[in-house]
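Please examine the structure shown below. The paragraphs that follow lead through its helices and their packing.

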Amino acid sequence: MNIFAMLLAILAGIFTTIESGINSQLGKYLTPSIATLHSLIVGLSFMLLINLCLGNVPRYAKVTTVNPIWLIGGFFGAFIIYLSSKAIPKLGISNTLILVLAGQMVSGLLIDALINNAEISFKKMAGMILFLMGAVIFLKG
């Protein structure tokens with residue numbers, strides 16, 4: 001596996017944890033929906049600035065030529081932020097994120113198998129089962 005890509009994924013996980021905690025606190029102070037809105041506005045502003053600096057904004061015109069289903073990712077991003085900011089005050093950050101990871105792993109495996117027609121090896125299935133068992137132990141601990 002590509003080490004750099006693995007480091008990027010680990011960093012994304014760390015940022016997910018930090019973002020979840022921050023949004024949860026903001027959601028308790030305001031409301032989860034306002035915290036979600038604020039998070040998305042800050043993210044939009046940041047990505048706009050990056051793309052302006054890189055000169056990529058003109059390439060955004062190509063968005064009209066892609067499969068429309070590819071354009072709905074933001075809805076899921078908003079739900080992730082909103083649902084996490086609702087769950088964290090009741091479950092805590094680590095319990096919420098272990099459940100998020102479990103949902104991601106199971107749905108990812110299903111998408112790979114059913115939509116991407118990827119073969120799911122015995123090792124992957126065993127790893128999934130061990131992870132889910134570990135999640136149950138973690139949540140009971």
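The model is predicted, and local features need pLDDT of at least 70, side-chain atom pairs count only at pLDDT 80 or more, and totals for chains, interfaces and linings use all residues. Residues are numbered from 1 along each chain as its sequence is written, and side-chain values use heavy atoms, with hydrogens and water left out.

The axes of α2 (residues 32-54) and α3 (residues 73-91) cross at roughly 140 degrees and come within 9 Å. Here helices are DSSP runs (H or I, at least four residues), numbered from the N terminus, and axes are lines fitted to C-alpha atoms over the stretch in contact, with angles from 0 to 180 degrees between N-to-C directions.

At this crossing, P32, S33, T36, S39 and L40 of α2 meet A78, I81, Y82, S85 and K86 of α3, where contact means heavy atoms within 4.5 Å. Five of the contact residues are nonpolar, four polar and one charged; Ala, Val, Leu, Ile, Met, Phe, Trp, Tyr, Cys and Pro count as nonpolar, Asp, Glu, Lys and Arg as charged, and the others, Gly among them, as polar.

Just after α2, G55 adopts a positive phi of about 75 degrees.

Definitions and conventions. Helix = DSSP H or I, 4+ residues; strand = E, 2+ residues; numbered from the N terminus.
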